[in-house]
Amino acid sequence: MTDRVAQLVDELHGLCRDVGRRIQVMEVCGTHTVAIFRTGIRSLLPANLRLVSGPGCPVCVTAQRHIDAALELAGRPGVILATYGDMLRVPGRSGSLERLRATGAQVQVVNSARTALDLARANPQSPVVFLGVGFETTAPATAATVLEADRDGVENFSVLMCHKLVVPAMQALLDAGDVPLDGFLAPGHVSVIIGAQAYQPIVAKHRRPVVVAGFEPEQIMRGLLALVRQVAEGRAAVENVYPGVVTADGNRVALELLRRVFVVADAPWRELGVIPQSGLELAAVYRRFDALQRFELALGEDEGHPLCRCGEVITGKAEPSECPAFATACDPLNPIGPCMVSSEGTCAAWYKYNRVQGPGAQRVPEGQR
Amino acid sequence: MTAVKPGLGHDRIVIAHGGGGELMGRLIREHLLPPLRNERLAALTDSAVLPWPDGELVFTTDSYVVTPLEFPGGDIGRLAVAGTVNDLAVMGAEPVALSLGLILEEGLPLAVLDRIVASIAGAAREAGVEVVTGDTKVIERGAGTADSSRGLFINTAGVGRMRRGVQLGLRRVAVGDAILVNGPIAEHGLAVMSVRSGIEFESTLRSDVAPLNGLIRDILATGADVKFLRDATRGGIAGVLADICEASQRSVEIVEAQVPLSTTARHAAEMLGLDPLTVANEGKCIMVVAAGDAERVLAACRGNPLGRGAASIGRITDAAPPLVELITRVGGRRVVQRPYGEELPRIC
């Protein structure tokens, strides 16, 4: 396998040399960001191929107003807030769920919406609010759980809906037009659900190649190679180098679940503002499971930290090292922005894999600038 | 110029303070060491070495709060014996006796207690130590939701006799030394996680929890030039390698393809978004050995059931600045850092 990867690396270097100019591609998803660092692929890339991280880490794009709402709900007497573990440390205006838990709030880590529903069944006297975060990967599970809660009449269960859609965010980035991008490396796991064809509008409207790839080193290298080949040939198409796993049309059952339980709505993204038709809300028949409605809570506004540049980081406008707070005021112990909290956040990945030990010291391996 | 508003500081203990990472390091450095300051404590070794008539006495203590109490491959009792024995053994000591402090929560089924105490007895026999003193307290059941009950906590202290002529310490680490590990990593942490409430997944993973004093006895008996030993518990081997790098001011280079890791563990770690290098072990020891003696030590390891999967995983280099670097399977390089606290499984 190593030989095959080495061969792909050689091929990529050759292609990038032929293109000559700088090529900038965005890996949309945090899982790709981390895999590219963890496997050392980043250190093997040609100097003129620049990878920028995109808005594909669900923790990083969750709006502060949603975290604030979660904190508010978890602080109410009797309420159990069930959340995926990596949301624990995300800072809201008044702290994080982890800190709130330390003061006695009932914040429970769960690995699925289903576990949150089990918690609701086991504690019928307590309202259980599930923090519904994630893209099309986790949204179908939330949908199935809402259906189950509806069927079984688990009325103490509700969801704080923060689910988001990947493609509208990619489109919003290109519409804004302030980051030069030659193409996208699209995430395998989201694509399993939505299907490779879901990226067709990006190709049609913006003429940028989109390549769907898996997360193994060889799969990532194949994805990058396919992207650069399209750039070299002046083509723009949706290409799937993860066949057998990702199909053109996606997972019909999961998509049907989403259609049945949710409606597409405008949604706030951390540091990006409201992106039209980029989020999911509960459809009218299931609205009674909406935590905001159940607890008569309105979302507030996001209040960005003056130093934090997470918004620029997740749109590829800035690298973490360009943020004045990176590894100085903001680190994984005291994260200011969500990109430093999530294990798949760009800043956390840079901090962990691309920084010399010692305060503020950094090293960027050759070929990455 | 506006003042830099730092991220939110901590004015209370959060779970990550106990994660064996950088956050715990700060807690110890800032809140525990200053008021208690003395030379032996400040060394922050696995055990304290005290002068004693006719040699040296090695003394350590550790507490165990794992949930669930029983997990694939072990339980809190076996963990308590192995953990304390290993802290003595990696100092070069032969463990002699343990204390056992039990904090029991009301409602704990006696059948569970019996199983755990039997496991303590079994692990102590395996390690050749005796539990010679103990204490029992009962606390009220934790308030809150039904599953907040924790059942039982254990504290063990242990004493051991320092072997004569054994000189272990980070100051002896030199450029060229080999870095060895006695078998596949990350299995304890992943096995416990696989049955932990809220994370559970199907897996054949089993904790590697085991007393390592027999293995370490075999290693030291070779007469090889062993420079440093440390059991890679919380923080994983990444934490130990960071300790070696920081204290010796030497770089550490690890070759990913040589680090023993089962396919099951690799997949489980991938699924949870965890770096296996940072996942806890309870029966794995990192050894720094003079390069010329590495094979001899590996042979001794492989002759013991707890070292059958031993491997040389890297070396000490003079690269500057001092860093722990990993040469990845595909030939890339990256930095390895101490995890900063409890590593959280990711969402998607």
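## Two helices that cross

A helix axis here is a line fitted to the C-alpha atoms over the stretch in contact, and the angle between two axes runs from 0 to 180 degrees between N-to-C directions. With that in hand, let's look at chain B of this predicted model. Helix α5 (residues 187-194) and helix α8 (residues 263-272), both of chain B, have axes that come within 10 Å and cross at roughly 60 degrees. That makes α5(B) and α8(B) oblique to each other, and their crossing is left-handed.

Who does the touching? On the α5(B) side, the contact is made by B:Glu187, B:Leu190, B:Met193 and B:Ser194. Facing them from α8(B) are B:Ala265, B:Ala268, B:Ala269 and B:Leu272. Sorted by class, the contact has 6 nonpolar, 1 polar and 1 charged residues.

## A hairpin of strands

Now for some strands. In chain B, β1 (residues 48-52) and β2 (residues 55-64) pair in the antiparallel sense, with 5 bridges. One pair to look for is B:Ala48, whose bridge partner in β2(B) is B:Phe59.

Together, β1(B) and β2(B) form a hairpin with 2 residues between the strands. In that turn sits B:Asp54, which has a positive phi of about 65 degrees.

## A further partner for β2

Strand β2(B) also pairs with β7 (residues 152-162) of chain B. These two strands run antiparallel and are joined by 8 bridges.

Technical notes. Residues numbered from 1 in each chain as written. Chains lettered and ligands numbered in written order. Predicted model: local features only at pLDDT ≥ 70, side-chain atom pairs only at ≥ 80, totals over all residues. Pairing = 2+ DSSP bridges. Helix = DSSP H or I, 4+ residues; strand = E, 2+ residues; numbered from the N terminus. Parallel < 35°, antiparallel > 145°, perpendicular 65-115°, else oblique. Left-handed = near helix turned anticlockwise from the far one by under 90°. Contact = placed C-beta atoms within 7 Å. Nonpolar A, V, L, I, M, F, W, Y, C, P; charged D, E, K, R; others polar.
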